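Reader: I would like to learn how to read the features of a model like this one. Please take me through it step by step.

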Amino acid sequence: MDLGKRIASRLQAATFDRIAGVGEDNAAVNQPRIKHSILELAELSLSEGDSVVVIGAGPSLHRRDSLVRLRKSGYAGTIVAVDGALGSCLRAGVVPHVVVSVDPHRERIVRWFGDPAMTAAPTDDYFRRQEMDPAQAKDEVATNRALVALVDAHGPQMRAAVATSAAPAVVARCESAGIAMYWWNPMYDDYDTPESVSRRLHQANGLPCLNGGGNVGTAAWVMAHAVLGKRRVALLGIDFSYPPGTPYTRTQYYPELREMLGDAYEQAYVKTDNPFGETWMCDPAYWWFRGVFLEMAREADCRTVNCTEGGILFGDPIEMATIEEFVHG
């Protein structure tokens, strides 16, 4: 096994150890609030047509001005966004039909919905360091305050596809903003093993278990075609990588890789030339996410069209197009 595979395996094991216990604890707290399954989303008339645009929080979203272009295109189909892209969407005048949230972190993730309790910038530099929402890096307090108002204003227009792993603070925030919640269990592990966390959760709450490919972007794509039944799926901001010139220190798994490899951490990063004439960089976890996505896409009953104009998600069976070509094609 090469270095990248060994590191990816270690990161996956560490991630499972970190999230499985917290996710299961969150599920127990959330249980009394569970009223609707994600299967009920398919019964709603969100929009006309068989197409959907899935919006991730990757850097191409801002580099390509994708959200403004989507709004100007006049697209009238369904929009599914990950929680980390919600602020960017609303500031651009794009209101998602469905917002997907999975991560169980009890303090961070509520920020994607605007945290009414936040009065000062936290010592945690997660939002200042990451590429998901550049507005957060400029003024966290002011950005959060504005996002609270936007989510409150548009909450009743949106639905949240919330994993049972979601932090109770996220659930409370959706309730306060009037966002209807539809629930599902993450597929943590092999359902058929005797000690399966996924099996235990399903037996406790009866909700479907969904294989989200290990990340919220892939989970949103699965939601779009497997739950909503859409057959033409466009991707925006699903990059699984970082654009040219990104410092290692501003990547998702830098702290873990530095701790794992010391001064040799740079060896873990993969640089890939994409079809847009750029060389993007990813860490082993993102490279693994890419491989999983491609494998799942080959089995999916839908066309997947990458409209990011960036990142490293290319190859069979992914089609490439601009968002305008997808909308008007």
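**Reading the fold**

Author: Pro-317 is found in the loop between strand S10 (303–306) and S11; helices (H or I, at least four residues) and strands (E, at least two) are DSSP runs, numbered from the N terminus. The peptide bond leading from Asp-316 into Pro-317 is cis, with omega near 5 degrees. This is a predicted model, in which local features need pLDDT of at least 70 and side-chain atom pairs count only at pLDDT 80 or more, while totals for chains, interfaces and linings use all residues. Residues are numbered from 1 along each chain as its sequence is written, and side-chain values use heavy atoms, with hydrogens and water left out.

Reader: Which residues other than glycine have a positive phi?

Author: Most residues other than glycine have a negative phi, and most peptide bonds are trans. Here Phe-240 has a positive phi of about 55 degrees, and Glu-309 has one near 60 degrees. Phe-240 sits in the loop between strand S7 (232–236) and helix H11 (254–261), whereas Glu-309 is in the loop between S10 and S11.

Reader: Is Glu-309 buried or exposed?

Author: Buried means under 20% relative accessible area, exposed over 50%, and partly exposed in between (1.4 Å probe, protein chains only). Glu-309 has a relative accessible area of 15%, so the residue is buried. Phe-240, at 7%, also counts as buried.

Reader: What does Thr-218 touch?

Author: A contact means heavy atoms within 4.5 Å. Leaving aside residues up to four places away in sequence, Thr-218 touches Gly-212, Gly-213, Phe-240, Phe-293 and Met-296. Thr-218 belongs to helix H10 (residues 216–227) and, at 0% relative accessibility, counts as buried.

Reader: In what order do the nine strands of the open sheet come?

Author: Strands of a sheet pair through backbone hydrogen bonds, either parallel or antiparallel. Two strands pair if DSSP finds at least two bridges between them. In this model the order is S6-S5-S4-S3-S2-S1-S7-S10-S11, and the pairing is parallel. Strand S6 (209–210) and strand S11 (319–320) are at the edges with a single partner strand each, so one side of each has no neighbour in the sheet. S6 pairs with strand S5 (residues 180–186) over two bridges; Asn-185 has Cys-209 in S6 as its bridge partner.

Reader: How many residues of strand S2 are buried?

Author: In a regular strand the side chains alternate between the two faces of the sheet. Five of the five residues of S2 (residues 78–82) are buried, so the strand is largely enclosed by the rest of the structure. Thr-78, Val-80 and Val-82 point one way, and Ile-79 and Ala-81 the other. S2 pairs in the parallel sense with strand S1 (residues 51–55) over four bridges, and Ile-79 is the bridge partner of Val-53. Three bridges join S2 to strand S3 (residues 98–101), also parallel, with Val-80 partnered by Val-98.

Reader: What is the radius of gyration of the chain?

Author: The secondary structure of the chain comes to 13 helices and 11 strands. The radius of gyration is 19 Å, close to the 20 Å that the globule rule gives for 329 residues, so the chain is as compact as a globular protein of that length. That radius is taken over C-alpha atoms, and the globule rule is 2.2 Å times the number of residues to the power 0.38. Buried residues make up 54% of the 329 residues.
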